[in-house]
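Biologist: I am new to this structure and would like to learn how to read its features one at a time. Could you show me the model and take me through it?

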Amino acid sequence: MSAQQPDMEEGQQLDNAASMSEPVRSARSSWIILLVLVLYGVLAVLVIFNGYQEYQSIRLLGESNGNAGLPDSTLHRLILSHGLLLVLMLVTPAVLMYVLVGREKELRQLRIQHEALQSQLRYQSFHDPLTSLPNRMLLEDQLNNKIAGARRTGKRFLFLLTSLNDFKRINKNLGYEIGDDVLRLVAQNIVKGLRDADTVARFDGDIFAVIADINEKSEANIVARKVQDSLARPIDVADSPLTVSAAIGAAIFPDQGEDMAVLIKHADNAVTKARAAGGNSIVFSEEDASSGMDRMALITGIKDAMLAGHLSMVYQPKLTLTAPDTHSFEALLRWHHPEHGLLPCDMYIPLVEQTRHIVDLTHWTVESIFSAQRELLDKGVKISIAINLSARVLDEDGFPLWVERLIGQYGLNPAMVRFEITESAIMQDSERALEVLMQLAAIGVGLSIDDFGVGQSSLAYLSRLPVDELKVDKSFVRNMIRWESDQAIIRATINLAHDLGMSVVAEGVEDMDQAAMLREMECDMLQGYYISHPLTEEQLQQWISSQAA
C-alpha cells in the first residue's frame, strides 16, 4: 500500500470501465463508416448500370429508326447526367466521412477531458489539498482494506498517530502561511523516512497517520522511531531552519482491536497520554487483552481498587464565558493499576456498567468528590463539580434520597453539585430516567445532558427533562472550523438550549479559533485542552489561583 495511493477501488473500476468502452466506441464508428461506403458503392454500381442500360436502349431505338449511331448531343447529355451523379455520389461520402471523423475527434477529446476531470475530482475527494497525502476518508478506506487483508492472512500491522507539539504557537507567531509550509514539509519528511509500502495520511489538522506492516512489537518501535527521527530533521521555512516535535501514539492490529473504530480510538488515547507526558513522547496503547488483563479481571478488580486506594479523581475546568469568576469542573475517574499503570475509563467502565459494581463505583465516586469539595470549602475555595452518572444508577431505588443525605452530611450547597447523563442513558428507560431526574432536580442539583447530538433523544422529550445544561459533543467541535455543517449543528444546539432556558458547554475545545467561534455563537462554557488538561486536587487550587491573578 503506497503512501501516495491515488485512487480508491471504486475510482479504479470507473477508469477501467472507461478504458474498456473506448475500443467499443471506435469499432462502432468504423462499422458505420464501412456501412456508408458499402452503401454508396452499391448505389454507384446501380447508377453505372442504369446509365449503361439507358445507353443501350437509346442505341437500339436509333438502330430501329435507321440511325447508324447516337447523336452527339444525346451522348453528351447521357454522359453528363450520369457523370455528375457519380461525382456527387463520390463527393458526398467523402464530405460525410470528413464530418463524421471530425465529430468523432471532438467527442473523443470531450471524453478525454471528462475522464481527466473525473480523475481530478476523485483525487481531490480523497486527498488533502495542502500535503497531497490521503485524507481521512481515504485513510479509513485503506485501513478497512488493511484489516480485511490482515484477517485473511493472520498478519499484524501498526496504526500510528502523530500530533505536532506547539503547532498552534507556530501559526500564532509565524502566521498561517508558514504553518501550512511546516505541514507540507513535515509530511514530506515522514513519507521519506518510511518504506514505500507504508501508508502516510493527514488525519486531521496537525495530526498525521501511518499504517505499516510489522511482525513483532519491536518493529512497531522502529517505525515509531523513524517517524520521530523524520520530525527531528530541521525544515527551512521563511529562510530559517525550524525543528518540530510531536506526541506519537500507536495501536497494533489485532492486539488493540480488530476493527477500524477501536484501533483509531486506542491510537488517539495513546496520543493523549503522549501529550500529557510532554516532549517528544511515544506511547503504545495497552488497552486490550494483550496487557495481561481479561474482562473478568477488570470487572472484579474495580472493587479491590476502591479498597486499595488505586482509584483517584481528576478535575477538568469548564471556562464560563459569561462569568469568568465562576469555577466549574468535571470530575474524571482514574484507575492506577499496580501492574498495568494508568487504565483509561473506556477500557473498564463499559464492562463494569454491566454489573452491580457500577453502583458501588458511583457511590465511591460521589463520596470522594463531596469530600474533596468539603476540603476545598474549608480552604475558602468554592467550586461546582459535575459527576458522570451511569444508566444503571438511574434504575437504582433511593439514589436521589441517598444523594440528598450525603449533601447534608458534607454540608454542601446542592447548587455546587451537577450530574451529567448521556442521551443514550436517558433513552434506555426514558420514563424511569425522567422520574429519577425529577427527584434529583427537586434536591437542587444541576443536571446536564452529556454528548448531546450523538444520541437518539427526541426534541419533544428534551423539553420534558428537568435539565439546565447541554454539552455539545466534541465530535462536532473538532471539525467545526473546517465543516460548515458542524458549525450549523452547534449553532442550532446553542439556540435551542437558550430557547429552552438551558446553558451550553462545548466539549473538546483545543485551539483559539474554536474558542473564538464558540464565543461568537454565544456558547456559555468551554471545556477542553485549550482551557486545561484534567488536574489533580492540588493542581486545581493552583489553577483557580492563576485565574484569579
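**Charged pairs**

Modeller: A search of the whole structure, which is a predicted model, finds 17 salt bridges.

Biologist: What is the general idea behind such a pairing of side chains?

Modeller: Side chains of opposite charge can pair when their charged atoms come close. Here, Lys318 forms a salt bridge with Glu469, and their closest N and O atoms are 3.7 Å apart. Lys318 belongs to strand β8 (residues 311-320) and Glu469 to strand β14 (residues 469-472), so this pair ties together parts that are 151 residues apart in sequence.

Biologist: Are Lys318 and Glu469 buried or exposed?

Modeller: Both Lys318 and Glu469 are buried.

Biologist: Which residue forms a salt bridge with Asp468, and how far apart are the closest N and O atoms?

Modeller: The partner of Asp468 is Arg418, with the closest N and O atoms 2.7 Å apart. Asp468 sits in the loop between α15 (459-462) and β14, whereas Arg418 sits in strand β12, so the pair ties together parts 50 residues apart in sequence. Asp468 counts as partly exposed because its relative accessibility is 32%, while Arg418, at 13%, counts as buried.

Biologist: Where do Glu507 and Lys471 lie in the chain?

Modeller: The side chains of Glu507 and Lys471 meet in a salt bridge of 3.5 Å, N to O. This pair links distant parts of the chain, with Glu507 in the loop between β15 (503-506) and α18 (512-520) and Lys471 in strand β14, 36 residues apart. Glu507 is buried with a relative accessible area of 11%, and Lys471 is buried with a relative accessible area of 0%.

Biologist: Which residues are linked in a network of salt bridges?

Modeller: The network links Lys318, Glu330, Arg418, Glu420, Asp468, Glu469, Lys471 and Glu507.

Biologist: Let us turn to aromatic rings. What describes a pair of them?

Modeller: A pair of aromatic rings is described by the distance of the centres and the angle of the planes. In this structure the count comes to five aromatic pairs. For Phe157 and Phe253 the ring centres are 5.1 Å apart and the planes stand at 10 degrees, so the pair is stacked. Phe157 lies in strand β1 (residues 156-164) and Phe253 in strand β6 (residues 246-253), so the pair ties together parts that are 96 residues apart in sequence. Phe157 and Phe253 are buried.

Biologist: Why is the pair of Phe399 and Phe419 edge-to-face?

Modeller: The planes of Phe399 and Phe419 stand at 65 degrees, with the ring centres 6.0 Å apart, so the pair is edge-to-face. Phe399 is in helix α12 (residues 399-410) and Phe419 in strand β12 (residues 417-422), so the pair ties together parts that are 20 residues apart in sequence. Phe399 is buried, and so is Phe419. Together with Trp402, Phe399 and Phe419 form one aromatic cluster.

Biologist: How should I read the length of helix α5?

Modeller: One can compare the expected span with the distance between the ends: at 1.5 Å a residue, the 18 residues of helix α5 (residues 176-193) should span 26 Å, and the end C-alpha atoms are 26 Å apart, which agrees. Among the buried residues of α5 are Ile178, Val182, Leu183 and Asn189.

Biologist: Which residues make the nonpolar surface patch?

Modeller: Trp31, Leu34, Val38, Leu39, Val42, Leu43 and Leu46 make this patch of about 690 Å². Leu43 is found in helix α1 (residues 9-64), and with a relative accessible area of 35% Leu43 is partly exposed.

Methods. Residues are numbered from 1 along each chain as its sequence is written. This is a predicted model: local features need pLDDT of at least 70, side-chain atom pairs count only at pLDDT 80 or more; totals for chains, interfaces and linings use all residues. Side-chain values use heavy atoms; hydrogens and water are left out. Patches are made of residues with over 30% relative accessible area and no salt bridge: like charges are joined within 9 Å, nonpolar side chains (Val, Leu, Ile, Met, Phe, Trp, Tyr) within 5 Å. Accessible areas come from the Shrake-Rupley method with a 1.4 Å probe; for residues, only the protein chains shown count as cover. A salt bridge is a side-chain nitrogen of Lys or Arg within 4 Å of a carboxyl oxygen of Asp or Glu. Helices (H or I, at least four residues) and strands (E, at least two) are DSSP runs, numbered from the N terminus. Buried means under 20% relative accessible area, exposed over 50%, partly exposed in between (1.4 Å probe, protein chains only). Rings of Phe, Tyr and Trp (its six-membered ring) pair if their centres lie within 6.5 Å; planes under 30 degrees apart count as stacked, over 60 as edge-to-face and the rest as tilted. The expected span of a helix is 1.5 Å times one less than its number of residues.
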